[in-house]
Amino acid sequence: LVALMASPAFAQARLQVIHNAADPGAAVVDIYVNGEIFQDNFAFRTATPFVEVPSDTDLNIAIQPGTSTSSENPLFAQTFNLPAGSTTQLIANGVLDDSGFEANPDGEDIAFQLLVGANAMEMAPGADRTAVRVVHGSTDAPTVDVRSNQDINQRGVIRVDDASYGAVTGYIRAETARYIAYITAADGTPVAAFDADLTGAAETTLTVLASGFLSPGNDQDGPAFGLLAVDAQGNASLLPPAPARLQVIHNAADPGAAVVDVYVNGDILLDDFAFRAATPFISVASGTDLNIAIQPGTSTSAENPLFAQTFNLPAGSTTQLIANGVLDDSGFEANPDGEDIAFQLLVGANAQEAGTGAKASIRVVHGSTDAPTVDVRSGGAIAVDDASYTDITGYLRLPEAEYTLDITTAEGGAVASFTADLTGAGGIAATVLASGFLSPGNDQEGPAFGLLLAFPNGNTALLPAVTTAPLGTTRVPAEGDLSSGDKETGAQDVQTTQAGTRSFATAPVLALDAPYPNPSAGTATMAFSLADEGAVRVALYDALGREVAVAAEGTYQAGNHTASVFDLASGVYVVRMQAEGATFTQRLTVVR
């Protein structure tokens with residue numbers, strides 16, 4: 001056969017054979033071509049390199065068990081005739097007896113076959129490109145989409161759309177970068193996610209095959225689902241599962257847990273993690289147990305923790321773990337709805353690290369132990385309905401605008417009001433947490449109730465409370481998911497202050513108002529008021545206590561004043577005002 005293939009009497013075609021048939025009965029096979037052995041003991045998830053074979057002549061390919069001695073009475077046989085100069089892949093797939101395996105959910109035939117990958121490529125065009133084709137070879141998997149993005153933090157665009165079992169796609173010219181491949185059913189249901197690092201794959205081609213069974217227990221305990229990558233030289237390897245993404249937020253208002261240490265599998269993850277602080281999203285191992293232990297901030301090990309819980313995060317998932325509750329509920333006011341207020345880690349599944357389009361994506365967490373079931377209203381429209389303690393909402397998609405958020409009981413009684421300036425916040429994601437105690441005096445003088453804003457990069461800020469009556473009403477668009485869905489709801493009445501931004505009490509007092517917008521895109525304005533003429537200094541300090549900007553310095557008359565700063569880098573800043581022998585501070589978050 002080798003001599004026949006090399007003979008100049010025959011024009012040549014190029015052929016690669018890939019074994020992707022997950023049936024345990026075909027784990028190792030022999031392949032014969034025109035009665036002669038071509039591949040001996042050819043194992044599942046292996047491949048040949050591209051080799052030259054005779055073209056324009058019948059090639060009878062027979063599949064036999066790995067113990068075979070001839071091609072007679074084969075398990076499977078098929079004849080191919082490859083055109084001269086063609087480059088083809090033959091991909092063994094399916095099962096030998098489909099009665100013993102789970103049916104394909106879309107009704108596709110799962111019998112053993114040789115899929116044909118025509119017009120195969122052996123080299124990618126372009127020095128910074130990898131050519132990738134995709135094969136759906138998992139018999140019990142539904143029709144899928146494949147999404148990917150060069151940024152590990154984000155889900156990306158659809159690279160493969162509606163690929164059913166047996167599909168062999170054309171080539172995608174991918175930049176040589178690291179990707180996360182998200183496999184989803186056509187309706188968006190996650191199937192799996194994998195880490196595809198193409199940084200060293202310039203000018204190469206890859207065939208990526210959905211391989212194995214989603215439900216091995218229903219398929220003779222065959223190999224589990226994975227993505228098999230095969231190059232033109234026949235090298236084959238499974239892509240590793242994608243990491244999970246995790247953010248931790250400390251919202252437990254118990255003064256005894258004001259500063260904690262967080263351990264994962266016995267190793268310190270967060271040292272001296274303070275109340276109302278958050279981590280950025282980080283990559284952690286997926287598909288493995290993560291034992292998270294909470295200890296006092298003075299701890300030296302994870303032994304005998306205050307609290308411990310084990311999590312196993314799916315590949316490609318994005319999750320928030322939110323520390324909440326109190327260590328000893330006997331010393332705190334009970335929840336008015338009878339909810340358990342013991343210390344716990346709330347799980348915010350399906351977290352987002354960015355918004356979609358020009359809108360901000362906001363989720364809400366009810367984390368105030370002594371607060372009742374509440375509604376969140378904006379301009380009279382209910383944005384969050386009947387949220388009880390520990391509830392975590394889906395994401396609301398909000399247009400850029402300044403909002404007044406009125407927190408009310410389910411019956412409509414006022415709880416508190418806050419301003420949320422989302423001007424310039426299109427495309428961001430954030431989590432708003434009810435934080436602290438409504439009645440600190442009944443809760444060991446713990447921190448008072450507020451709304452905590454946490455960003456994916458770990459920055460946090462308290463939303464400014466509304467302390468004066470609104471002086472005007474501005475119409476702002478409230479299209480999008482104010483409750484659910486993405487329907488257009490038209491303009492809604494949102495209470496704002498005079499000039500649409502801030503307000504002062506009628507009589508001048510010594511005060512530093514919260515900076516706005518907050519969060520800011522780099523420019524912010526500080527408003528302050530003086531009871532009497534005097535020297536004033538307003539400066540900004542970074543997280544290390546370094547002075548980064550001076551907004552105001554000099555002698556000012558009694559009354560209301562504003563000062564602005566520009567071109568601030570991303571981060572959390574303290575705004576400090578010194579006047580009349582007193583010091584006032586506010587916090588400013590910059591997200592660029």
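Q: pLDDT is the predictor's confidence in each residue, from 0 to 100. What average pLDDT does the chain have?

A: The model is a predicted one, in which local features need pLDDT of at least 70 and side-chain atom pairs count only at pLDDT 80 or more, while totals for chains, interfaces and linings use all residues. Residues are numbered from 1 along each chain as its sequence is written, and side-chain values use heavy atoms, with hydrogens and water left out. The chain averages a pLDDT of 86, and 89% of its residues score at least 70.

Q: Where in the chain is confidence lowest, and where is it highest?

A: Where pLDDT is low, the predicted coordinates should not be read in detail. Among the elements, strand β36 (residues 491-496) has the lowest confidence, with a mean of 26, and strand β7 (residues 87-93) the highest, at 98. Residues 1-6 have a pLDDT below 50, and this stretch makes 9 contacts in the model beyond near neighbours in sequence; contact means heavy atoms within 4.5 Å. Residues 150-156 also have a pLDDT below 50, and that stretch has 23 such contacts.

Q: How many helices and strands does the chain have?

A: Helices (H or I, at least four residues) and strands (E, at least two) are DSSP runs, numbered from the N terminus. By this count the chain has 1 helix and 43 strands. Of contacts between residues at least 6 apart in sequence, 65% join residues at least 24 apart.

Q: What percentage of the residues in the chain is buried?

A: Buried means under 20% relative accessible area, exposed over 50%, and partly exposed in between (1.4 Å probe, protein chains only). Of the 592 residues in the chain, 50% are buried.

Q: Which residues have the most contacts inside the largest nonpolar core?

A: In soluble globular proteins, nonpolar side chains tend to be buried together. A nonpolar core is a set of buried Ala, Val, Leu, Ile, Met, Phe, Trp, Tyr and Cys residues joined through side-chain atoms within 4.5 Å. The largest one here has 28 residues, and Leu-405, Leu-451 and Leu-463 have the most contacts inside it. At least two residues of this core come from each of β26, β27, β28, β29, β30, β31, β32 and β33. A second, separate core has 23 residues, including Val-144, Ala-201, Phe-225 and Leu-239. Apart from residues up to four places away in sequence, Leu-405 touches several residues, among them Val-376, Phe-418, Leu-451 and Leu-463.

Q: How many cavities does a search of the whole structure find?

A: Rolling a probe the size of a water molecule over the atoms shows where empty space is left. On a 1 Å grid over the protein atoms alone, a cavity is a set of points where a 1.4 Å probe fits but cannot get out, and lining residues have an atom within 4 Å of a point. Grid points are joined across faces, edges and corners, and a volume is the space filled by probe spheres set on the points. The search finds 8 cavities of 30 Å³ or more.

Q: What classes of residue form the lining of the largest cavity?

A: Ala, Val, Leu, Ile, Met, Phe, Trp, Tyr, Cys and Pro count as nonpolar, Asp, Glu, Lys and Arg as charged, and the others, Gly among them, as polar. The lining of the largest cavity has 24 nonpolar, 3 polar and 1 charged residues. The largest share, 4 residues, comes from β26. Elements that supply at least two residues of this lining include β26 (360-366), β30 (402-409) and β33 (450-454).

Q: Is Ala-549 buried or exposed?

A: Ala-549 counts as buried because its relative accessible area is 16%. This residue is in strand β40 (residues 547-556). Leaving aside neighbours within four places in sequence, Ala-549 is in contact with Ala-539, Leu-540 and Val-565. Between Ala-549 and Phe-566, 17 residues apart in sequence, the C-alpha to C-alpha distance is 8.9 Å.

Q: Which residues does a cis peptide bond join?

A: The bond joins Tyr-516 and Pro-517, with omega about -10 degrees. Pro-517 is in the loop between β37 (511-512) and β38 (524-530).

Q: What is the phi of Asn-34?

A: Phi of Asn-34 is near 50 degrees, a positive value in a residue other than glycine. Asn-34 lies in the loop between β2 (28-33) and β3 (36-43) and is partly exposed, at 38% relative accessibility. Asn-41, which is not a glycine, has a positive phi of about 50 degrees. Asn-41 is in strand β3 and is partly exposed, with a relative accessible area of 44%.

How values were computed. On a 1 Å grid over the protein atoms alone, a cavity is a set of points where a 1.4 Å probe fits but cannot get out, and a pocket is an open set with protein on both sides within 12 Å along at least five of seven lines; lining residues have an atom within 4 Å of a point.
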